[in-house]
Amino acid sequence: LLPLGAVLAILFAGASIWMLRQRLSPRGELAAAVRQREFVAHYQPIIELSTGRCVGAEALVRWRRPNGQLVRPDLFIPLAEETGLIRAITDQMIGAVIEDLGAALVADPRLHVAINICAEDLSTGRVLGVLEEALAGTGICSNQIWLEATERGFVDIEGTHATLAKARARGHFIAIDDFGTGYSGLRYLQRLPIDALKIDKSFIDVVGTEAPTSHVTEHILALARELHLTVVAEGVERPEQADYLRQSGVQMAQGWLFSRALPADAYLAFCRINRAQ
Ligand code: C2E
Ligand code: CA
Ligand code: CA
Ligand code: CA
């Protein structure tokens, strides 16, 4: 039999190793980052193609590590979704958006900001309560908050449909993100309560090229016109792409041609300059 002291020492060592592994595992690290509120929002300007003005932004999350390093979302969003930590990250993003852009949104009711919504929140509608509470008393109109839902996020079609309908009834603007990369057919789209399509970068990349998918872009734009949906093109890098989109009647675009995603102050400065023109 071991003396009590030895048993306690073994238990203590075991617990310490377990805690250390939790802390050092990617999951443990992400959970710690959520507790320490290490997520910040960067804002990519959204440009009205007919005027060249900045009319809004997409809020894109970055993980700012204590050493100052910024981690790209594609490196942690999948794990955040798998572990459910995405809910807390989304809530921190909503808080950041209101803190960063609240005054600008109130000062200019035509300005909007788009927030990315994960599959689970689309299914349950949880995020709508968070938004309602966050917006209360701010003077920001619900139509200034756009919700971006990717087709790949439509795991639970019925739930998603109900959440989008409810969001829209509350005045939010709904955009289907990464449009064209999922498998939604025309009938499915017609049924969904949505306002806009965000055309995925892969369909913008091929504009003006001989790629076999370049005609798909035309079909997507025709479809959007048919359904009276606003179109936002993403990943616009070249002036020819912007010209083509403008001529095709696409209302809005974002991409490195105009600006990368910026920290809040830089975004607000960009917006001031690009509205005054
Ligand atoms: P997304 O929603 O399709 O966002 C657009 C991504 O394309 C962003 O990358 C943006 O920085 C990048 N991008 C924009 N314009 C250009 C361009 O002209 N050229 C190129 N090469 N890239 C461009 P980012 O910020 O790394 O975000 C990656 C993805 O992470 C997003 O794709 C979105 O799916 C996800 N994500 C970002 N923020 C959030 C968030 O707050 N919540 C959730 N659930 N997902 C998020
Ligand atoms: Ca998006
Ligand atoms: Ca997108
Ligand atoms: Ca995309």
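A donor, in what follows, is an N, O or S atom within 2.8 Å of a metal (3.2 Å for Na, K and Ca), and since water is not among the atoms, sites may look incomplete. With that in hand, D178 bridges the calcium ion (ligand 4) and the calcium ion (ligand 3), which lie 3.4 Å apart. The model is predicted: local features need pLDDT of at least 70, side-chain atom pairs count only at pLDDT 80 or more, and totals for chains, interfaces and linings use all residues. Residues are numbered from 1 along each chain as its sequence is written, chains are lettered from A and ligands numbered from 1 in the order written, and side-chain values use heavy atoms, leaving out hydrogens and water.

Let's stay with the metals. The calcium ion (ligand 4) has D178 (OD), D200 (OD) and E234 (OE) as its protein donors, at 2.2 to 2.6 Å. Along the chain these follow the pattern D-x21-D-x33-E. D178 belongs to strand 6 and D200 to the loop between strand 7 (196-199) and helix 9 (201-205), so the pair ties together parts that are 22 residues apart in sequence. Strands here are DSSP runs of E with at least two residues and helices are runs of H or I with at least four, numbered from the N terminus.

Now move to the calcium ion (ligand 2). Its protein donors, 2.1 to 2.3 Å away, are E58 (OE), N116 (OD1), E148 (OE) and D177 (OD), with the sequence spacing E-x57-N-x31-E-x28-D. E58 in strand 2 and D177 in strand 6 are 119 residues apart, a pair that links distant parts of the chain. D177 also coordinates the calcium ion (ligand 3), which is 3.4 Å from the calcium ion (ligand 2).

Q44 places a polar side-chain atom 3.0 Å from a nitrogen atom of ligand 1.

In total, 20 residues surround ligand 1, with Q44, V61, R62, E237 and W256 the closest; to count, a residue needs a heavy atom within 4 Å. Strand 2 gives the largest share of this shell, four residues.

Methods:
A polar contact is a pair of N or O atoms within 3.5 Å; within protein, one must be able to donate a hydrogen and the other to accept it, and residues adjacent in sequence count only if both atoms are side-chain atoms.
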